[in-house]
Amino acid sequence: MNISEWIHSREIRGKSTFSVADVKDAFAERPSKNINTELSRQVSRGRVQSVYRGFYVIVPVQYQLKGVIPPAYYVDGLMEYVGKPYYLGLLSAASMHGATHQRAMKTQVMTVVPRIKESGKNSLLDWNYRQEIPEAFVMKKNAEIGTLRYSGPELTAVDLVQFASHVGGYQRVATVLAELMDSVDMEKMGELLRFTTVATIQRFGYLLEYVLSRQDQADALFQVLKTQGSWNSILLSNDHDRRAGAPANRWHVNGNIDIEVDDL
């Protein structure tokens, strides 16, 4: 069996990703140089794609003409390869919950520090990092290959506020939240507090109350915030100066930027 036949045998058995190490295990008698040359040949033929250092995806028929494989097709296998937990988050997760007005240009993957050594082989992935994965708030669905993990609506909402700079700012965050909040169970927010910051909850509450006019949800979130006893005054956007004369509010957030939700 040659490497091309080996790739085909994996494909027909439903295994559509592999690593260089997998090939070397299967062809232990071959020199590494020969294996690398043959893999390069398979890439040039469009038979496989190298989407990360030492990690390959067999190109399925439906993507051969376009030549681009959506990361959702292989991200679960890739994250197993790099040995890190993950979930699709931010705008990528929001779209899976029906908030499709603002779409991510890249697939946004949330994982844990230390940071992954990024590869120039894949410009379709946007890496984001947190200290810990809140497993109870991660959902799973069957994908074309294996399982796809993505943040539930509550975690998605919190992440959008906490990582606002990663998705284009609070204007965009507010527009996505306007679509997403109908799916958010506010009773779960207390459990999420340890996975985020008090400042995130303050900004989230401010957006709910003063931008999105979701008073009931804002009130529920304020009960979560009150468990912190007291909290500091903060800016809505750290990229702008404090706005003199901005109305005081229970969130202690200085509304130093103007936000208008896009028409949905």
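## Helix α3

Helix α3 is followed by G46, whose phi is positive, near 80°. Helices here are DSSP runs of H or I with at least four residues, strands are runs of E with at least two, and both are numbered from the N terminus. The model is predicted: local features need pLDDT of at least 70, side-chain atom pairs count only at pLDDT 80 or more, and totals for chains, interfaces and linings use all residues. Residues are numbered from 1 along each chain as its sequence is written, and side-chain values use heavy atoms, with hydrogens and water left out.

The 13 residues of α3 (residues 32-44) should span 18 Å at 1.5 Å a residue, and the end C-alpha atoms are 18 Å apart, which agrees. The expected span is 1.5 Å times one less than the number of residues.

I35, E38, L39 and Q42 are the buried residues of α3. They lie on the same side of the helix, because they cover an arc of only 100° around its axis; the arc is that of the directions from the helix axis to the C-beta atoms. An α-helix has 3.6 residues a turn, so residues three or four places apart point the same way. Buried means under 20% relative accessible area, exposed over 50% and partly exposed in between, with a 1.4 Å probe and protein chains only.

On the other side of α3, K33 and S44 are exposed. The buried residues of α3 pack against α1, β1, α2 (20-26), β2 (48-52) and β3 (55-58), where contact means heavy atoms within 4.5 Å.

## Aromatic pairs

Nine aromatic pairs are found in a search of the whole structure. Rings of Phe, Tyr and Trp (its six-membered ring) pair if their centres lie within 6.5 Å; planes under 30 degrees apart count as stacked, over 60 as edge-to-face and the rest as tilted. One of the pairs is W6 with F18, edge-to-face at 5.3 Å centre to centre and 85° between the planes. This pair links distant parts of the chain, with W6 in helix α1 (residues 3-12) and F18 in strand β1 (residues 17-19), twelve residues apart. Both residues are buried.

F222 and W251 have ring centres 5.2 Å apart and planes at 85°, so this pair is edge-to-face. F222 is in helix α11 (residues 215-226), and W251 is in the loop between β9 (234-235) and β10 (253-254), 29 residues apart. Both F222 and W251 are buried.

## Charges over rings

The charged end of R250 sits over the ring of F222, 4.6 Å from its centre. R149 lies over the face of Y86, at 5.8 Å from the ring centre. A charge sits over a ring if NZ of Lys or CZ of Arg is within 6 Å of the ring centre and within 35 degrees of the ring normal.
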